[in-house]
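Try each task before you read its solution.

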Amino acid sequence: MGTILPPYINVNVNGIPTLSSLSVNVTTTQVAFDFNNHRNIGAPYRGLLIIRLAQAIPTGTTTTLPVVFTSSGGNAQPLTTYNGEPVTVADIAGTGVYLVWYESATNTLQLLTGTV
């Protein structure tokens with residue numbers, strides 16, 4: 001009897017792109033984690049991203065503020081959860097590694113891991 005499935009399947013052949021935050025900026029309207037430009041930012045892309053939030057959100061920050069990711073201080077991209085709801089400060093457990101889904105065609109950046 002022949003093999004129904006191959007012995008292994010390559011997923012993300014070139015690896016899952018990873019980004020690490022450079023800073024966090026709190027304003028009265030949002031909390032922005034800033035990242036260096038990456039080849040997947042602003043380019044057609046659909047898939048997983050591994051995000052390392054290296055800075056803690058300052059203690060005392062309003063927990064209902066939405067979280068956005070920026071690239072070199074601009075291009076704010078809202079971080080969302082299910083049904084497009086914004087991720088807020090209350091949803092971020094702290095520094096560490098988070099898994100997100102990014103789809104440039106629909107402008108979706110969805111948190112897959114964390115406290116949401």
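This is a predicted model: local features need pLDDT of at least 70, side-chain atom pairs count only at pLDDT 80 or more; totals for chains, interfaces and linings use all residues.

Residues are numbered from 1 along each chain as its sequence is written, and side-chain values use heavy atoms, with hydrogens and water left out.

**Exercise 1.** State how many helices and strands the protein has.

Solution. Start with the rule: helices (H or I, at least four residues) and strands (E, at least two) are DSSP runs, numbered from the N terminus. The protein has zero helices and eight strands. From the N terminus, the order therefore reads β-β-β-β-β-β-β-β.

**Exercise 2.** Find the order of the strands in the open sheet.

Solution. Two strands pair if DSSP finds at least two bridges between them. The four strands line up as β1-β4-β7-β8, with mixed pairing. β1 (18–20) and β8 (108–111) are the edge strands, each pairing on one side only. Now look at β1 and β4 (residues 46–53): they run parallel, joined by three bridges. Ser 20 has Arg 52 in β4 as its bridge partner.

**Exercise 3.** Decide whether Thr 88 is buried or exposed.

Solution. First locate Thr 88: it lies in the loop between β6 (74–78) and β7 (96–103). Next, apply the cut-offs: buried means under 20% relative accessible area, exposed over 50%, partly exposed in between (1.4 Å probe, protein chains only). Thr 88 counts as buried because its relative accessibility is 16%. Finally, check its surroundings. The side chain of Thr 88 reaches the backbone oxygen of Thr 63 at 3.3 Å.

Note on methods
A polar contact is a pair of N or O atoms within 3.5 Å; within protein, one must be able to donate a hydrogen and the other to accept it, and residues adjacent in sequence count only if both atoms are side-chain atoms.
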